[in-house]
Amino acid sequence: MLLHPHLDINAEGHLTIGGLDTVALAREFGTPAYIMDENVIRAQFRTYLTAARTHFGENALPAFASKALCFTEIYRIAAEEGLGIDCVSGGELYTAKKAGFPAARIYFHGNNKTDADLTMALDMGVGTVVVDNTDELLALDTIAKAKGKQQRILLRITPGIDPHTHRAIQTGNVDSKFGNAIVTGAAMAITKLALSLDGVCLAGFHCHVGSQIFEIDPFRDAANIMVRYIADVKRETGFEASELNLGGGLGVRYTEHDATVDYAAAIAEIAAIVRTNADACGIAMPRVILEPGRSLVAAAGITLYTVGAVKEIPGFKNYISVDGGMPDNPRYALYQSEYTALIANRADTPADYRATVAGRCCESGDLIGEDMPIGRAKRGDILAVLCTGAYNYSMASNYNRLPRPPVILVRDGKARVAVRRETFEDLVRLDT
Ligand SMILES: *Cc1c(COP(=O)(O)O)cnc(C)c1O
C-alpha cells in the first residue's frame, strides 16, 4: 500500500488510483492533472455521516468545508450523500447553487461578509449564516428585516485553544481575526445582541480550533468550553442553544510520518465528551454539526506531472522540475507542507534518491518539497504527488499565466472530467 489503500502498483510497475493506471491517465488527460478517486470521497462522506448520526444522534450533520475543494460536481456529490456544506464566499455559494445544492443545508461563513454576500445568502435561502462579528450581525439584521425575513444564525465563538500546543489556554487565540472570545466578554455581548434582534434567529454557536490536528485533546477542550458556554448563556439569558457546530480540523496522512486517523473513532470520542458535559452542565444535548474539509477529500486526490529537467548540483541539491508547481499546489510555498512524491511509471523502484521537486515558475520558492525521498527521474517520467485532494485545486492560481489543470474523477474503473483544463483562450477571456 502506498500511503492510502486506493493507491497501488500494477504489473507494469505503474502507480494506480482506484484501479486505473496513472501513466495511461496522464496520456489521456495530459499533465499536470488532479486525479481524484470519487469512491474514496463518497466513502469518507459516509464515514462522517454514519459516525456523526451514530454517536451524536440522528439529527447530527457533517457539513463539507468546501473551501478545501470547490467545483460544481463536488457539491452534487455532497448533496447526493446527504451532507451539508460550508461556504465562505459568494463564489462558493454561486457554485453550490449551480449544482442544485439544497440551500437549507448550507452554512455560510467568513469574517468579512459584504452586504452583497449577505443579500445573496438571504435571497438564496441559505439555511444558516455563521455570524462572525457585531458589524456583520447588525448588517444582516437590517438586510433581513428589509426583506421581511428572519435569518437563522450561529455565532462564531473563540474558545481560546491553541491546537498546536495541544492545550486550552484561556487567553490563547483571543487575538484571532475570527469570532468572539469568551474570556474577553465579547462572546456574551454578541450573544445578547443577537437575542435582541428581530431579523435574526439565534440557533446556537460555532467554533473551529484549527487544521491538520491529530490529537483529540484540542477537540475535547473545545467541546468542554463550548458546552460550558451554552450553560453560561442559559444561566445568564434563559436562552438554550439547540445547535453546536464544532468545526473541522482532523488531520490527514501526507507522508508515512503522519498517523492514520480513525475518523469514526475520533467522532465517537468527541461525542462522548459533549454528552458527558451536557449532562453535567444541565443542558439538553444540542444538534451537533461537524465541518471537516481536508479529512473528507485530501487523501482521495493525487497530482500527476511530467518531469522536464533533472539537475544535480554536486554537494548541494538535486532538482527534479515538473510541468506545474506553486500555481497548482501552493502549500509548500505557503506553509512548507510535506508531501509524498513518486515516479508513477516506475512506482515499484525504491525511493533511494533525494530530490527537491521544483515547479516551472520564475520563483526560487516554487517547490513541491525539498530533499524528498524519491526514485531517480528522467525527462518524460510521470511524477505523482500524493494526497493533494484538499487545498490544491481550490488554492490554484494562474501565476506565470499557467492554465489550471483539470480535475479528473475516477470511479468504478472509469475516469471523467469534472473540471476541464484551462486553455490559453480562457486566460485572456476577461482581458479587454
Ligand atoms: C477551514 C475551515 C474548516 C475545515 O477545516 P479542515 O481542517 O479542512 O477540516 C471548517 N470550518 C471553518 C470555519 C473553516 O474555516
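How many bridges join strand β16 (residues 301-313) to strand β17 (residues 317-322), and in which sense do the two strands run? There are 5 bridges, and β16 and β17 run antiparallel. Let us start with how to read the model.

This is a predicted model, in which local features need pLDDT of at least 70, side-chain atom pairs count only at pLDDT 80 or more, and totals for chains, interfaces and linings use all residues. Residues are numbered from 1 along each chain as its sequence is written, and side-chain values use heavy atoms, with hydrogens and water left out.

## Strands and how they pair

Helices (H or I, at least four residues) and strands (E, at least two) are DSSP runs, numbered from the N terminus. Two strands pair if DSSP finds at least two bridges between them. Strands of a sheet pair through backbone hydrogen bonds, either parallel or antiparallel.

Back to the opening pair: V307 stands opposite V322 in β17. The strands β16 and β17 form a hairpin with 3 residues between them, and G315 in that turn has a positive phi of about 85°. Strand β17 also pairs with strand β19 (residues 353-358), in the parallel sense and over 3 bridges. There, I320 stands opposite V357 in β19.

Strand β15 (residues 287-290) has two partners to look at. With strand β5 (residues 61-65), β15 pairs in the parallel sense over 2 bridges, and the bridge partner of L61 in β15 is I289. With strand β14 (residues 243-245), β15 pairs in the parallel sense over 3 bridges; here L244 stands opposite V288.

Now look at the start of the chain. An open sheet of 3 strands has the order β1-β2-β3, with antiparallel pairing. Its edge strands are β1 (7-9) and β3 (20-21), each of which pairs on one side only. Strand β2 (residues 15-17) meets β3 in the antiparallel sense over 2 bridges, with T16 standing opposite D21 in β3.

## Helices that pack together

Axes are lines fitted to C-alpha atoms, for helices over the stretch in contact, and angles run from 0 to 180 degrees between N-to-C directions.

| Helix pair | Angle | Axes |
|---|---|---|
| α2 (residues 38-56) and α9 (residues 263-281) | about 25° | 9 Å apart |
| α8 and α9 | about 25° | 9 Å apart |
| α7 (residues 186-195) and α8 (residues 217-237) | roughly 55° | come within 11 Å |

Angles under 35 degrees count as roughly parallel, over 145 as roughly antiparallel, 65 to 115 as roughly perpendicular and the rest as oblique. A crossing is left-handed if the near helix is turned anticlockwise from the far one by less than a right angle, and right-handed if clockwise. Contact means heavy atoms within 4.5 Å. Ala, Val, Leu, Ile, Met, Phe, Trp, Tyr, Cys and Pro count as nonpolar, Asp, Glu, Lys and Arg as charged, and the others, Gly among them, as polar.

Take α2 and α9 to begin with: they pack at about 25° and are therefore roughly parallel to each other. Helix α2 passes α9 in a right-handed crossing. Residues making the contact include Y48, A51 and F56 of α2 and I267, A271 and V274 of α9. By class, this contact divides into 11 nonpolar, 3 polar and 1 charged.

On to α8 and α9, which pack at an angle of about 25°. That makes α8 roughly parallel to α9, and α8 passes α9 in a right-handed crossing. Among the residues that meet are F219, R220 and V227 in α8 and E269, I273 and C281 in α9. The contact has 9 nonpolar, 2 polar and 3 charged residues.

Finally, α7 and α8 cross at roughly 55°. That makes α7 oblique to α8. Helix α7 passes α8 in a right-handed crossing, and the contact residues include M188 and L195 of α7 and Y229 and V233 of α8. They divide into 5 nonpolar, 2 polar and 3 charged.

## Backbone details in the loops

Most residues other than glycine have a negative phi, and most peptide bonds are trans. Which bond is cis here? A cis peptide bond joins T31 and P32, with omega about -10°, and P32 lies in the loop between α1 (22-29) and β4 (33-37).

Phi of Q212 is near 55°, a positive value in a residue other than glycine; Q212 sits in the loop between β13 (200-206) and α8. Q336 has a positive phi of about 55° although it is not a glycine, and its place is in the loop between α11 (331-335) and β18 (341-343).
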